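Colleague: I am new to this structure and would like to learn how to read it. Could we go through it one feature at a time?

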Amino acid sequence: MPRRLSYRHALREAFDEELARDPMVVLMGEEVAQYNGAYKVTEGLWDKWGDDRIVDTPISEAGFIGMGIGASMLGVRPVMELMFWSFYTVAWDQIVNNAAMVRYMSGGKINCPIVIRGPANGGTGVGATHSHTPENILANFPGMKCVCPSNAYDAKGLMKAAIRDNDPVMFMESTKLYGEEWDVPSNDELPDGELFIPLGVADVKREGSDITLIAHGRAVITCLKAAEILEAEHGISAEVVDIRTIRPLDEETILESVAKTHRAIYVEENKPFCGVGAQIAYMIQSTIFDELDAPVLRINSLDAPAIYSPPLEAIQLPTPEVVVEKALSIC
Amino acid sequence: MPKIIEMPKLSDTMTEGTLAKWIVKEGDTVTTGKPIADVETDKATMEMTSFFEGTLHKLLVKVGEKIPLGAAMAVVLEDGEEAPANLDELIAKANAAAAPAAETKTGDTKADTPQRATSSLLPKAPSASRRPAARSSSNVRVKASPLARKVADELGVDLSRVDGTGPGGRIVRADVESAPKGGSGAGGKSAPATPTIRPVVGPEDERVPTSTMRNIIAERLLASKTQIPHFYLQIDIDAEPLMDFRSQLNATAEKNGGNKYTFNDFILKAVIRAAGTVPAINAAWDGDAIVKYKSVGLSVAIAVEDGLVTPVIKQAEKKTLLEISEAVKDMASRAKNKKLTPDEFAGGTITVSNLGAYGIDQFSAIINPPQAAILSIGSIRNTPVVDSKGAIVAGKRMWLGLSGDHRVVDGAVAATFLAEMKKLLENPALMLL
């Protein structure tokens with residue numbers, strides 16, 4: 001039996017391994033230490049690594065993110081938790097003007113090897129101000145890297161890559177996935193002795209021949225369910241491409257898949273306007289226009305602030321049924 | 001070594017500056033930071049200071065002159081330094097370096113100039129550089145996916161003969177692949193859209209490439225004749241009352257200098273009035289529905305050099321005979337000068353074609369799609385007629401023809417329409433009521 005591991009547990013393993021590997025790695029954030037993290041992602045790490053490595057911060061995102069950025073410029077490798085990614089706006093200037101720009105503004109003399117992480121998702125009844133998904137906004141800045149893992153295996157491997165990366169990496173998780181389990185082999189089962197997934201490499205999660213469903217984060221799970229329905233009920237073979245990192249973007253894997261299936265839908269839980277899907281749909285049509293047998297479609301969250309009413313919120317995010325319906329409209 | 005003072009970047013958006021004032025004159029001593037000139041930028045008039053020390057040898061630009069960024073403005077020599085022989089060369093070098101900025105600016109200005117389209121005779125002229133595969137050989141726009149077009153190119157399939165099974169009837173790859181090469185598609189549109197009989201061109205014959213207008217005429221009328229089930233009716237009317245009526249009106253006009261009416265003006269008015277009485281004629285086929293127009297958009301066929309155009313009198317039912325007459329005169333003269341705007345070709349619901357002036361007694365025009373009817377008006381001719389008493393007398397007669405789209409109107413409806421026209425034209429005073 002392969003080992004099953006939850007998304008939060010997989011992240012914890014990544015932290016633990018990196019804390020052991022590099023003494024410069026530290027974890028900071030609101031309640032990450034003594035309380036084990038608001039979503040228990042850092043559970044047990046303070047007990048094991050102590051005050052020097054796992055640091056509780058006050059409720060002051062601009063202050064502690066700024067501190068982490070400054071520390072990273074001096075060689076520390078901070079992993080900063082935002083209790084919700086929705087609070088990134090408090091530290092906006094630090095993230096955009098300092099973290100993302102410093103390598104360029106210093107002529108390459110100063111790096112900012114920071115990871116800023118936390119959940120960025122809607123659909124949990126926490127209201128509009130706690131449900132932001134800013135991956136498109138952050139990926140807009142040259143100098144920034146942006147990762148959105150869809151499962152425990154990728155979360156662990158990508159987190160290790162993010163911590164070792166010399167640029168600021170925005171790492172977006174999902175509270176809806178924290179408790180879900182996937183097969184995650186232990187290190188001694190792996191040929192390289194560890195699980196490490198480089199940034200900028202997409203993953204074909206399911207092979208298919210009729211249509212490509214492209215997604216990031218939890219929308220990948222939605223696509224996989226939709227692909228099963230398409231196969232079972234409509235005889236349509238859907239390929240599912242998980243881009244895993246929005247920036248750097250693995251354009252090649254996307255284009256290869258769409259050139260094979262000739263149809264594409266981008267699915268994301270982000271808002272539609274100026275979304276990641278807009279960028280990728282543009283990239284597809286401008287690069288392989290003649291391979292397209294149908295317009296590239298997008299499926300997003302409904303274009304409204306995260307709805308507080310639970311029944312409405314349930315339909316605000318893309319569902320497998322909506323993906324199936326859209327796929328049928330172009331197949 | 002002489003120093004060249006160049007136009008500095010005094011605002012972040014300026015591309016050139018205008019010299020407002022020289023504060024220094026030739027022979028003055030300049031020092032770093034000393035104001036030497038006032039320069040108007042795109043934002044404000046700014047003081048310009050010297051970056052050099054020495055004696056101002058020469059001012060190169062005059063007040064009021066526009067100077068591109070980096071272009072030479074003055075020459076400064078070190079105290080006691082003689083101007084070198086190659087000074088002009090140094091100045092030219094500075095100006096050459098500044099030139100690209102100036103050129104870029106000119107380019108931008110050009111790109112910003114809106115392209116006026118009023119000279120174009122017809123709306124939305126298709127570009128000559130359009131990808132060949134985007135149109136079928138019959139020049140009719142087909143809806144196909146990019147991949148379907150590519151595959152059709154590779155397989156030599158004529159997309160105009162392929163039935164699309166994709167959303168909205170779009171041709172997708174599978175449709176192209178299941179279509180025989182160069183032949184009809186899976187479902188098979190039976191009408192061959194490509195003219196298969198090509199002319200033999202001898203050495204003395206001329207082959208004239210088609211104009212945009214000719215292409216549009218060809219495309220629209222081919223579509224009309226191949227897609228619309230035409231039927232044709234003719235009615236012969238007594239033109240004598242109309243001739244008398246027109247003579248009366250124009251006699252008054254001659255005296256008072258008013259508008260002179262043509263026979264066609266009355267015909268147009270009769271069409272508009274009859275369309276009000278028989279509105280079923282003022283309609284169009286829309287696939288799964290018939291569109292019934294609320295208003296009459298009267299398309300008037302006007303012959304021009306190398307073709308014809310059909311500008312539209314919009315909301316014609318609201319126009320008086322005089323307004324119609326003037327509108328047609330105006331459109332005809334502008335059509336000849338190619339001054340009609342694309343907007344004036346839109347919104348037609350029924351067309352009148354009149355070949356009476358050419359001595360044609362009778363003809364059957366091709367429907368102007370997507371309309372449902374076109375009137376074909378012949379000349380007024382002298383002919384023997386049998387009068388109400390059974391005697392053969394000399395008469396003035398005129399043929400009115402109607403070509404109808406049988407999907408939209410049936411023979412009886414069209415006949416009622418023509419009968420209404422006949423009634424109006426034989427009792428022209430009715431049209432003024």
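Colleague: How many residues does the contact take from chain A, and how many from chain B?

Modeller: This is a predicted model, and in it the contact takes 9 residues from chain A and 9 residues from chain B. On the chain A side, the residues that touch chain B are 4 nonpolar, 2 polar and 3 charged. The size of an interface is often given as the accessible area lost when the parts come together. For the complex, the predictor gives an ipTM of 0.73 and a pTM of 0.56.

Colleague: What is the mean pLDDT of chain B, and what share of its residues reach 70 or more?

Modeller: Chain B has a mean pLDDT of 84, with 87% of its residues at 70 or more. Residues 101-139 of chain B fall below 50, and beyond near neighbours in sequence that stretch has 44 contacts in the model. Residues 183-193 of chain B are also below 50, with 21 contacts beyond near neighbours in sequence. Where pLDDT is low, the predicted coordinates should not be read in detail.

Colleague: Now a helix. Which residues of α10(A) are buried?

Modeller: The general idea first: an α-helix has 3.6 residues a turn, so residues three or four places apart point the same way. Here, A:V276, A:G277, A:I280 and A:I284 are buried in α10(A). These residues lie on the same side of α10(A), because they cover an arc of only 90° around the axis. The face turned away from that buried side carries the exposed residues A:Y282 and A:S286.

Colleague: What covers the buried residues of α10(A)?

Modeller: The cover includes the helices α6 (135-139) and α9 (251-261) of chain A. It also includes the chain A strands β10 (211-215), β12 (245-247), β13 (264-267) and β14 (297-299).

Colleague: What span does α10(A) reach from its first C-alpha to its last?

Modeller: Helix α10(A), residues 276-287, has 12 residues and reaches 17 Å, close to the 16 Å expected at 1.5 Å a residue.

Colleague: On to sheets. What is the order of the strands in the open sheet of 6 strands in chain B?

Modeller: To read a sheet, take the order of its strands, then each pair. The order is β9-β18-β17-β16-β12-β15, with mixed pairing. At the edges stand β9 (230-238) and β15 (312-313) of chain B, each with a single partner strand, so one side of each has no neighbour in the sheet.

Colleague: Which of the pairs run parallel, and which antiparallel?

Modeller: Strand β12(B), residues 298-300, pairs with β16(B) in the parallel sense over 3 bridges, and B:V300 stands opposite B:V352 there. Strand β16(B), residues 350-354, is also parallel to β17(B), residues 373-386, with 4 bridges joining them. In that pair, B:N354 stands opposite B:I377. β17(B) and β18(B), residues 392-405, are antiparallel over 12 bridges, with B:K396 as the bridge partner of B:N382.

Colleague: How many residues lie between β17(B) and β18(B) in their hairpin?

Modeller: There are 5 residues between them, and B:G390 in the turn has a positive phi of about 90°.

Colleague: What is the order of the open sheet of 4 strands in chain B?

Modeller: The order is β1-β8-β6-β3, with antiparallel pairing. Its edge strands are β1 (3-6) and β3 (29-30) of chain B, each pairing on one side only. β1(B) joins β8(B), residues 72-77, over 4 bridges.

Colleague: Where is B:K3, and what does B:K3 touch?

Modeller: B:K3 is in strand β1 of chain B and stands opposite B:V76 in β8(B). Leaving out residues up to four places away in sequence, B:K3 touches B:F52, B:G54 and B:V76. B:K3 and B:G54 are 51 residues apart in sequence but 9.0 Å apart in space, C-alpha to C-alpha. With 19 other C-beta atoms within 10 Å, B:K3 is partly exposed, because a buried residue needs 20 or more.

Key: Residues are numbered from 1 along each chain as its sequence is written. Chains are lettered from A and ligands numbered from 1 in the order in which they are written. This is a predicted model: local features need pLDDT of at least 70, side-chain atom pairs count only at pLDDT 80 or more; totals for chains, interfaces and linings use all residues. pLDDT is the predictor's confidence in each residue, from 0 to 100. Two residues are in contact if their C-beta atoms, placed from the backbone, lie within 7 Å. Helices (H or I, at least four residues) and strands (E, at least two) are DSSP runs, numbered from the N terminus. The expected span of a helix is 1.5 Å times one less than its number of residues. A residue is buried if 20 or more other C-beta atoms lie within 10 Å of its own, exposed if 12 or fewer, and partly exposed in between; C-beta atoms are placed from the backbone. The arc is that of the directions from the helix axis to the C-beta atoms. Two strands pair if DSSP finds at least two bridges between them. Ala, Val, Leu, Ile, Met, Phe, Trp, Tyr, Cys and Pro count as nonpolar, Asp, Glu, Lys and Arg as charged, and the others, Gly among them, as polar.
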